[in-house]
Amino acid sequence: MTPITLSAIVLTLLSAGIAVVISLRTQKMKKKLIAEEAIQKNSLYEISLFKEIQDKLGYELDREKIISVITKTLGNMFISSLCASLYQTKNGLMLKIKIEDPVDQSFINDTKRLMVESYAKLTTTSLPLSILEEDIQGTIDPKKTKRLGSYFNVPLVVNNKPIGIITMALAKPLVFQEEQMTFVYKMVNQAINALSRLEEVLDTEKEKLTSTIGSLADGVFMLDNNEQLFVINDAAKALLDITDENPTITQLQNAFPPSFLFASKIHDSITKKIGIQTQELILGEHTVQVFITPVMPISQLEHVSRHKDIPVVGVSVLLHDITLAKSITTMKEDFINMVVHDLRAPLTSIRGAAQLLSQEKTALNEDDQKLLAIIHTQSQQLLDQVTTLLDISHLQNGKITLKKSDVNLNTMAAEQIQLFTPQAITKNITIIPHLDTTMPHVQADASLLGQVINNLLSNSIKFTPEQGKIGVTTRVENNTALISVSDTGMGIPKEKQAQLFSRFYRAGAGSGTPGSGLGLYIVKNIVEAHGGSIKLDSEENKGTTITITLPLNS
Amino acid sequence: MHLPSNPDSIGTDKNYQTLFTQIIKDTMLVLGPEITSAKMQKVPGLTITADGTVTNTPTDPKKIVKNMVEVFMTISPFLTQKMIDLVYG
């Protein structure tokens, strides 16, 4: 053999060897790539399945719904004879079985037994366990005598507490692959962990709510939309004389007087989505105001116009103790009545005596007569203020009752103008009436309405300087009767106008003009008691117009 | 997962053959025999019958516990904690 031939053979052998090595490596790489592709496909499959479950569950907190979704998804993933769940509800154990492939009763019984034993071991509970309710769907065929061949159980544990198990079972033995089963556990654990986190957040928020409600001075309790007690604070328990730490809804209901119709009010608030108030309710030694309010999700409250579509999630009840306020009001009333009665008589006497003395012009000199006039005026003013105090007290306690009769507003206005004419003449003020002759009679309390016009004219004369003008107008507009008193007086600063009708506020305070400030407050209350309204237009240093509107068909 | 502060405290005075048998049988009862057997294949050092009985004396119980925890952790953390409590309790 020549060296060339030998070299050629060696080279050929070498090339063949290299080709084999390359081929082997290529095959190895191919296998690796195929394996990686399979892993990625599995991962994508896992992700898509998990996403499917997440999409179906969302932020669901109902454990039964969650278990149902997971069980159904597993049933779709695997070929099985049946897919079952055993879980704890509020009332007891629930067993649900979905038969995919007909089996006989003994297959069902075997599955049940295994599930119960598994759950008992998981929860370290002694057997036997009683199942409250069973829901079996699918065909039980006595002819399909199959033995339980293959199964696995998935424990359901929420916040470290077992709540149930899911079981996949098949008649054929050794069917489920380890990787498939591992994936199932992983998927279920992820879904249940999401629930655990949501429940943790919910528990934290509930604790915050309980703590906030607990710190309130008013009694508060909340019911869910099944009218079951959700939370109650100590103040509510004290007012309702409940000593149990966790009272039942029945105890709560019995704490209210039967005439209050507690259950009916709660039901109405939830179903009709209305707030219900009771101004005074006697609970033992306490008098309370009761406010029942439906609770709706905050996120949906922006759609208030469609509130009939927003579900009510519960109802809150607030008990505001007014025992002290009521006793103070009673004491105040009694005091005012006492003061008024005690003051009225001597004041009337003083005024009367001053009046008599002032008529004895020959016995008194000019200075004495002036002093007497002061005594008369001031005692009259004091008498008026005392009467006003009594009126205010009656108004605030809702004791004003209207004695309605047919009232001719023009006649009333004319009478009041006549009353104030002497004062107006003294200040060189002109009172100009503009009385609508077509003005019909109105149903009103003549005495109180007279007081209203009297008060308005009195104010105008007080706050209009000399040479000024006061107009008194009556007219009919849109089925209402309008009375307005306008003047060219000092006007009311804009920043003080909003407070003008509030109790004790005087826009002219400090101007030297006398008055208690109670007049317009009483005027407003009287007008509103008639179903009317009062309006103010005023500009500083130009004048003021006050317009009263009364309904014509009241 | 609540592991004891000193995992080396796993002593030598326990009958680990009996202990591991109990753990495996309990796990079979809760999860099912197939998945338990499949997972126990990945825990070397134990010879197990079909019903979960351990037939050998474990020579390195600490390592076996560590492997069991790793293997069953993905299946059920709750059950794994119970295993640890049983071993170190």
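**Briefing: a bent helix, a pocket and a cavity**

Helix H10 of chain A bends by about 45 degrees at A:Phe420, and a proline, A:Pro422, follows within four residues. The model described here is predicted. Chain A contains 13 helices and 17 strands, and 37% of its 554 residues count as buried. Where contacts in chain A join residues at least 6 apart in sequence, 64% of them link residues at least 24 apart.

**Helix H10 of chain A**

- H10(A) covers residues 409–426, which makes 18 residues.
- From its first C-alpha to its last, H10(A) reaches 26 Å, close to the 26 Å expected at 1.5 Å a residue.
- At the start of this helix, a side-chain oxygen of A:Asn408 comes to within 3.0 Å of the backbone nitrogen of A:Asn410.
- After H10(A) comes A:Asn428, which has a positive phi, near 60 degrees.
- The buried residues of H10(A) are A:Leu409, A:Asn410, A:Met412, A:Ala413, A:Gln416, A:Ile417, A:Phe420 and A:Ala424.
- An α-helix has 3.6 residues a turn, so residues three or four places apart point the same way.
- The packing partners of these buried residues in chain A include the strands E11 (404–407), E12 (430–435) and E13 (442–445). Helix H11 (446–463) and the strands E14 (469–477) and E15 (480–487) are also among the partners.

**The second largest pocket**

- The second largest pocket has a volume of about 1,100 Å³.
- Its lining consists of 25 residues, of which A:Leu61, A:Arg63, A:Lys90, A:Glu199 and A:Leu202 are the closest to its centre.
- Two or more lining residues come from each of these elements of chain A: helix H2 (63–77), strand E1 (82–88), strand E5 (161–170), helix H4 (178–214) and strand E7 (229–232).
- H4(A) makes the greatest contribution to the lining of the second largest pocket, with four residues.

**The cavity in chain B**

- The structure holds one cavity of 30 Å³ or more, and the volume of the largest cavity is about 30 Å³.
- The largest cavity is lined by B:Ile23, B:Val65, B:Met68, B:Val69, B:Met83, B:Ile84 and B:Val87.
- Helix H3 (61–73) and helix H4 (77–88) of chain B each provide at least two residues of that lining.

**A buried serine: A:Ser81**

- A:Ser81 counts as buried because its relative accessibility is 1%, and the limit for buried is under 20%.
- A polar atom of the A:Ser81 side chain lies 3.2 Å from the backbone nitrogen of A:Ala171.
- Leaving aside residues up to four places away in sequence, A:Ser81 touches A:Lys98, A:Ile99, A:Glu100, A:Asp101, A:Val103, A:Phe107, A:Ala169, A:Leu170 and A:Ala171.

**A partly exposed glutamine: A:Gln253**

- A:Gln253 belongs to helix H6 of chain A, which comprises residues 249–255.
- With a relative accessibility of 37%, A:Gln253 counts as partly exposed.
- Apart from residues up to four places away in sequence, A:Gln253 touches A:Phe262 and A:Ala263.
- A:Gln253 and A:Ala263 are ten residues apart along the chain, and their C-alpha atoms are separated by 6.9 Å.

Key:
Residues are numbered from 1 along each chain as its sequence is written. Chains are lettered from A and ligands numbered from 1 in the order in which they are written. This is a predicted model: local features need pLDDT of at least 70, side-chain atom pairs count only at pLDDT 80 or more; totals for chains, interfaces and linings use all residues. Side-chain values use heavy atoms; hydrogens and water are left out. The expected span of a helix is 1.5 Å times one less than its number of residues. The bend at a residue is the angle between axes fitted to the seven residues ending there and the seven starting there. Buried means under 20% relative accessible area, exposed over 50%, partly exposed in between (1.4 Å probe, protein chains only). Contact means heavy atoms within 4.5 Å. A polar contact is a pair of N or O atoms within 3.5 Å; within protein, one must be able to donate a hydrogen and the other to accept it, and residues adjacent in sequence count only if both atoms are side-chain atoms. On a 1 Å grid over the protein atoms alone, a cavity is a set of points where a 1.4 Å probe fits but cannot get out, and a pocket is an open set with protein on both sides within 12 Å along at least five of seven lines; lining residues have an atom within 4 Å of a point. Grid points are joined across faces, edges and corners, and a volume is the space filled by probe spheres set on the points.
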